[in-house]
Amino acid sequence: MYLYILRRLIFLVFVTIGITAILFVIMYFLPGDPARAAAGPGAKPEHVERIRIRLGLDQPLHIQYLTYMKNLMRGDLGNSIRTRKPVIVELRTYLPASLELVPTAMLFSVLVAVPLGVLSALRPGRAADATSRLFAALGMGMPVFWVALMAQFIFYGKLDILPFGGRLSTGAVPPEHVTGFYLIDSLLAGDLALFKDAVIHLSLPALVLALPEVAVISRLTRSSMLDVLTLDYVRTARAKGLREWRVIVVHALKNALLAPLTLMGMQVGWLLAGSLFVESVFSWGGIGFLAYHAIYKRDFPVLMGVTMVMCIVFVLANLVVDILYSYLDPRISY
Amino acid sequence: MYRKAFAFTNLFIVLALVLVACSATAEPPAPTEPPAPTEPPAASAMSNILTAAHSEYAFTFEPTFCNWSDVGRICVVAYDALLKYKPDTKELIPWVAKEWKISDDGLTYTFKIEERIKFHDGSELTASDVKFTFDRLKALDDGVAQNLHAVGSVDVVDDYTVAINLSSPNAAFLFGLPLVFIINEDGVKANEVDGDWGAAYLLQNDLGSGPYMLTSSIPEQQAVFEKFDDYWKGWEGDHIDGVTFLWIKESATQRLMVENGELDISMEPSADDLPVWKENPDYQVLSADSPVVFGLDYRVIKEHVDNPLVRKALTLAVDAQYVLDAGVAGYGSLARSPLASSLPYHNSDIELVPFDMDKAKALLAEAGYPDGGFTVKIGYEAGQPWKERTIEMLQQNWGKLGVKVEPMGMDYMAQEAMQQDPKSEPDAYLHHIWPSAAEPDIALRPYFHGDHKGKFGENASYWSDPEVDRLFDEGIVEADPAKREEIYREIQKRIVDATTASWILELPFSIVANKYVQGYIYNPSVHQSLDVYNMRLEGKP
């Protein structure tokens with residue numbers, strides 16, 4: 001197992017190098033001048049040229065890439081063209097917000113989608129199945145951006161039971177930076193009021209982000225469960241006189257989860273990248289927001305940094321899934 | 001069992017690795033104050049705190065970048081500048097500098113500064129801080145430094161007198177000063193890391209002397225400022241105790257928050273919502289003409305629009321009133337010149353071009369195109385309602401002349417790349433003239449001087465006139481305001497006569513505020529800013 005993990009981590013290095021190379025070429029040929037964007041409004045041409053030289057943008061593509069990789073080996077991701085901050089500081093600032101939001105959304109979606117999928121498989125065509133189908137239609141059919149605005153309108157604007165967005169209440173002082181995760185940092189600071197505030201602020205964006213996942217995972221769990229329930233070992237388990245819940249939860253579900261689990265691994269990366277719309281509506285300063293600014297301002301170093309993080313998270317999420325496989329199915333070993 | 005434990009151990013290791021990767025190994029910029037256990041502020045505590053929402057996050061609290069409007073609004077509350085622009089009289093008034101004189105050769109500006117100004121750390125603002133501010137900007141060569149290339153050196157004459165020496169006379173120099181915010185020299189030196197002039201520290205802290213000081217911030221969400229008790233202008237009379245800037249991307253969310261009483265000012269209301277707000281007696285729409293002029297720039301190097309008669313004919317077929325009504329809900333005003341009426345030396349004698357389809361058709365025939373028969377490709381940044389409405393209007397009106405409009409929506413950076421390439425497709429661009437300071441030379445020169453042809457955000461029309469270039473060069477060294485006014489009025493006249501563009505609107509800057517917000521005045525020298533110190537909250541619950 002350890003060898004397998006090591007192999008995957010080495011694989012991650014090559015994936016990262018490949019992605020940086022592809023991204024570098026794409027960004028080089030994108031229309032737009034990062035030096036001009038960095039110079040700000042009304043900058044004189046000579047000022048723009050000085051910035052171009054300072055950023056190394058006057059060099060040929062291969063020199064720029066080699067310089068970037070050389071710096072990367074030293075852990076230097078460069079400085080943001082827009083904010084001039086080191087990219088590593090930008091990532092440290094924005095990534096924890098996303099890593100709080102995305103796993104919470106994933107947790108919500110699993111907690112809702114798996115039972116819903118199981119119930120709809122057990123009672124096809126009944127109320128649970130209809131609910132599952134409704135979720136699927138709503139979750140997949142409505143743009144997440146619109147759902148976010150509607151959720152905000154209902155829960156904040158009309159019912160006034162949840163905040164409009166943000167990670168903390170207006171005027172609240174954030175906890176001292178330890179991990180950047182407000183949930184963790186507020187607990188470390190022993191500030192339960194702030195922890196509660198952070199949880200409340202997290203709930204609505206996480207629920208909105210979870211909705212499309214509920215749709216996909218519940219439908220996949222349903223179809224997977226329907227397949228498993230017809231297998232011989234399930235019939236045998238029932239014939240042995242095991243209680244129905246035990247047959248379903250311990251025997252059938254465990255196998256049926258393999259397919260949804262694979263999907264969840266894939267979806268984590270997508271959620272991280274796709275959280276932009278939710279972050280935008282809920283003023284959630286996460287990595288999606290960072291990517292948006294980077295694309296708009298052709299902030300190549302930040303975009304490279306964000307892409308690498310996405311890549312690492314994606315590979316790690318799938319590594320976690322692989323490890324979980326061996327728990328769910330003892331026949332799988334590495 | 002062993003197998004499960006093994007799997008979970010591995011899972012734990014991977015998750016721990018992720019967590020460790022996100023925790024700081026190097027110290028991130030610290031908040032200004034060590035945070036104390038916090039309860040969200042109670043409503044009553046907010047009764048004299050102004051809460052305003054913007055759509056763009058201030059990525060730093062560093063005054064070097066206050067030429068960006070998202071940072072500039074922070075500078076206005078946390079810092080002071082030597083001079084201030086007075087919007088209602090369009091003149092510069094003393095601020096940190098209580099008086100100044102200009103040498104006969106126009107090369108040395110000597111400023112006497114106020115003797116009672118304190119920075120937020122309690123230290124005194126002296127001439128040395130002013131010199132340090134200019135030296136720092138020159139060294140960083142970034143942000144507002146671009147307006148200071150004429151500055152050769154700065155000398156401290158005594159503790160409260162500073163002399164700025166220019167390398168060549170520059171009549172626009174003073175107008176760049178409202179954006180040069182004085183920074184605390186000792187504060188920068190105490191927080192300098194690896195010769196960064198305190199830049200890392202200023203990402204999350206302020207080192208100013210302004211009426212409000214930064215107490216905490218959350219990226220992309222909020223920055224909280226409290227009043228600085230020792231502010232040199234004092235706190236007698238009615239003032240606001242603090243201001244919280246929120247960054248809310250969506251105007252729909254800003255609207256919800258205003259309606260829920262959580263927001264006092266929405267800085268970017270949707271134009272479609274403005275009539276609704278106006279009808280509601282609980283709120284007020286505060287609108288002013290900004291220095292931003294919106295128009296259709298013709299690239300005079302392209303076929304058809306290289307003919308001045310064609311440009312004049314097409315301009316006659318521009319229904320600017322429609323764009324004013326449908327694009328910005330009637331706020332703003334029709335543009336007659338590339339220099340906005342809110343700026344000094346605006347030529348109000350220039351007549352508005354009437355919307356006259358018959359004349360347009362006749363003129364197009366005179367130009368050799370009685371039935372039109374050509375296409376104009378128009379590049380524009382998508383997503384702004386006044387631009388979308390303009391495209392619709394042009395498609396309809398020019399279509400009646402037989403001229404086909406081909407819209408080319410794109411993002412800002414793609415438009416930049418196209419404008420810099422004379423061979424790129426568009427024949428015209430929907431374009432803003434967006435001055436970086438409230439001064440006519442700074443406002444017009446980049447867009448109309450021959451030296452700026454083909455530069456993004458500058459002379460995108462590729463038009464030039466040697467006489468206009470000469471007038472610019474004369475105007476920048478002319479010290480007599482009356483003569484300068486004459487020069488810049490003539491420049492505007494020549495530009496409009498050449499029809500380098502169809503000038504459409506002086507864009508409004510509109511905000512929505514609760515009715516208890518008083519004292520707001522739009523300041524074109526620091527776009528989208530709030531002069532919170534001179535505002536009041538009368539009867540806020």
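1. A residue is called buried here if 20 or more other C-beta atoms lie within 10 Å of its own, exposed if 12 or fewer, and partly exposed in between, with C-beta atoms placed from the backbone. On that count, 46% of the 334 residues of chain A are buried.

2. The model is predicted: local features need pLDDT of at least 70, side-chain atom pairs count only at pLDDT 80 or more, and totals for chains, interfaces and linings use all residues. Residues are numbered from 1 along each chain as its sequence is written, while chains are lettered from A and ligands numbered from 1 in the order in which they are written.

3. On confidence, the predictor gives the complex an ipTM of 0.74 and a pTM of 0.80. pLDDT is the predictor's confidence in each residue, from 0 to 100. Chain B averages a pLDDT of 88, and 91% of its residues score at least 70. Over residues 5-37 of chain B, pLDDT stays under 50. The model has 47 contacts beyond four places in sequence for residues 5-37 of chain B, where two residues are in contact if their C-beta atoms, placed from the backbone, lie within 7 Å. Where pLDDT is low, the predicted coordinates should not be read in detail.

4. Chain A has 15 helices and 0 strands. Helices (H or I, at least four residues) and strands (E, at least two) are DSSP runs, numbered from the N terminus. The C-alpha atoms of chain A fill a box of roughly 85 × 50 × 40 Å along the principal axes. Of the contacts in chain A with a separation of 6 or more, 69% are between residues 24 or more positions apart.

5. Chain A is assigned domain 1 (2-73) and domain 2 (94-328); domain bounds come from an automatic or database domain assignment. The centres of these two domains of chain A, taken over C-alpha atoms, are separated by 32 Å. Their contact takes 13 residues from domain 1 of chain A and 12 residues from domain 2 of chain A. On the domain 1 side, the elements giving two or more residues are α1 (2-29) and α2 (34-39) of chain A, and α1(A) gives the most, with 9 residues. The residues of that side divide into 9 nonpolar, 3 polar and 1 charged. Ala, Val, Leu, Ile, Met, Phe, Trp, Tyr, Cys and Pro count as nonpolar, Asp, Glu, Lys and Arg as charged, and the others, Gly among them, as polar.

6. How far apart are the end C-alpha atoms of helix α9 (residues 192-229) of chain A? They are only 45 Å apart for 38 residues, short of the 56 Å that a straight helix would reach at 1.5 Å a residue. The expected span is 1.5 Å times one less than the number of residues. α9(A) bends by about 35° at Leu211(A), and a proline, Pro212(A), follows within four residues. The bend at a residue is the angle between axes fitted to the seven residues ending there and the seven starting there.

7. Met304(A) is found in helix α15 (residues 300-328) of chain A. Met304(A) is buried because 21 other C-beta atoms lie within 10 Å. Beyond its neighbours within four places in sequence, Met304(A) is in contact with Thr20(A), Leu23(A) and Leu77(A). Leu138(A), in helix α6 (residues 127-141) of chain A, has 14 C-beta neighbours inside 10 Å and so counts as partly exposed.

8. Two residues deserve a look at the backbone. Most residues other than glycine have a negative phi. Ser283(A), not a glycine, has a positive phi of about 45°; Ser283(A) lies in the loop between α13 (276-281) and α14 (287-296) of chain A and is buried, with 26 other C-beta atoms within 10 Å. Thr499(B), also not a glycine, has a positive phi of about 45°. The loop that holds Thr499(B) runs between α15 (481-497) and β17 (501-514) of chain B, and Thr499(B) is buried, with 22 other C-beta atoms within 10 Å.

9. Chain B is assigned domain 1 (46-79 + 210-288 + 513-541), domain 2 (80-185) and domain 3 (293-506). The centres of domain 1 and domain 2 of chain B are 26 Å apart, taken over C-alpha atoms. The contact takes 18 residues from domain 1 of chain B and 20 residues from domain 2 of chain B.

10. Helix α13 (residues 440-448) of chain B is largely enclosed by the rest of the structure, because 8 of its 9 residues are buried. Those buried residues of α13(B) pack against β12 (283-298), β16 (428-433), α14 (466-477) and α15 of chain B.
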